[in-house]
Amino acid sequence: MHQHLQWLGPLLGMSLILSTPALAKSPDHEKLIGTWATQGYGAQVLITPCGNAGEQLCGQITWLWTDRDAEGQLLTDDQNPTAHLRDRPLIGTPIFRNFARLRDGRWQGDGMYNPEDGNFYAASLKPRADGTLDVTGCVLGIFCQTQIWRRPHSVCPATTAQATRD
């Protein structure tokens, strides 16, 4: 298991009861698009529109606090159940796809991928009024855990400013 992905294991090791998707595009759609720092700032995930109409959302890992192993090699998706994907770098790995807005304001889709164990789990996203994002997963619909993701500039403004100058 990758030590730097400890933020993802507990969240993605859970499943969630699905709800009925809403039919109309919501104002939350634009609020979710962009880069998010995971709780604990172990990674950044880029959320973008996906699907034919662009009303669904997809996310991929774009940055890791530690992207190399002890030998200096780039971390790869070595737990992936699909053999030909095990050598791909973790940076760039999709972790969720086809998330659509539900009537209660949450977003759910085809599941969230956990590179630590190579499994997909149900999860939901919900934007908060303070500009953060709740990322929630549940086991059997009753044992739930929520992480709060923030925009990287709100976590570490100096790092974000330096990255844009480089």
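1. In this predicted model, the count of disulfides comes to 1. The bond joins C50 and C58, whose sulfur atoms lie 2.1 Å apart. That distance falls within the 2.5 Å required of a disulfide, so the pair qualifies. The link between C50 and C58 is right-handed, with 90° about the S-S bond.

2. The overall architecture may be considered next. The protein contains 4 helices and 10 strands. Read from the N terminus, the order of elements is α-α-β-β-β-β-β-β-β-β-β-β-α-α. The student may follow this order along the chain in the structure above.

3. Of the contacts between residues at least 6 apart in sequence, 53% join residues that are at least 24 apart. The protein has 166 residues, and 42% of them are buried.

4. The largest nonpolar core has 20 residues. Which of them touch the most other members? They are I47, F96, L125, L133 and W149. Several strands contribute to this core: β2 (43-50), β3 (56-64), β4 (94-101) and β9 (133-139) each supply at least two of its residues.

5. F96 deserves a separate look. Leaving aside residues up to four places away in sequence, F96 touches V45, I47, L57, C58, G59, G111, M112 and L125. Among these partners is C58, which also takes part in the disulfide with C50. I47 and L125, also touched by F96, are themselves listed with F96 among the core residues that touch the most other members.

6. Two residues call for attention in the backbone. Y41 has a phi near 55°, a positive value in a residue other than glycine. This residue lies in the loop between β1 (34-37) and β2. Y41 is buried, with a relative accessible area of 9%.

7. The second case is N98, which is not a glycine either, yet has a positive phi of about 55°. N98 lies in strand β4, whereas Y41 lies in a loop. With a relative accessible area of 25%, N98 is partly exposed, because its value falls between the limits of 20% and 50%.

How values were computed
Residues are numbered from 1 along each chain as its sequence is written. This is a predicted model: local features need pLDDT of at least 70, side-chain atom pairs count only at pLDDT 80 or more; totals for chains, interfaces and linings use all residues. Side-chain values use heavy atoms; hydrogens and water are left out. A nonpolar core is a set of buried Ala, Val, Leu, Ile, Met, Phe, Trp, Tyr and Cys residues joined through side-chain atoms within 4.5 Å. Buried means under 20% relative accessible area, exposed over 50%, partly exposed in between (1.4 Å probe, protein chains only). Contact means heavy atoms within 4.5 Å.
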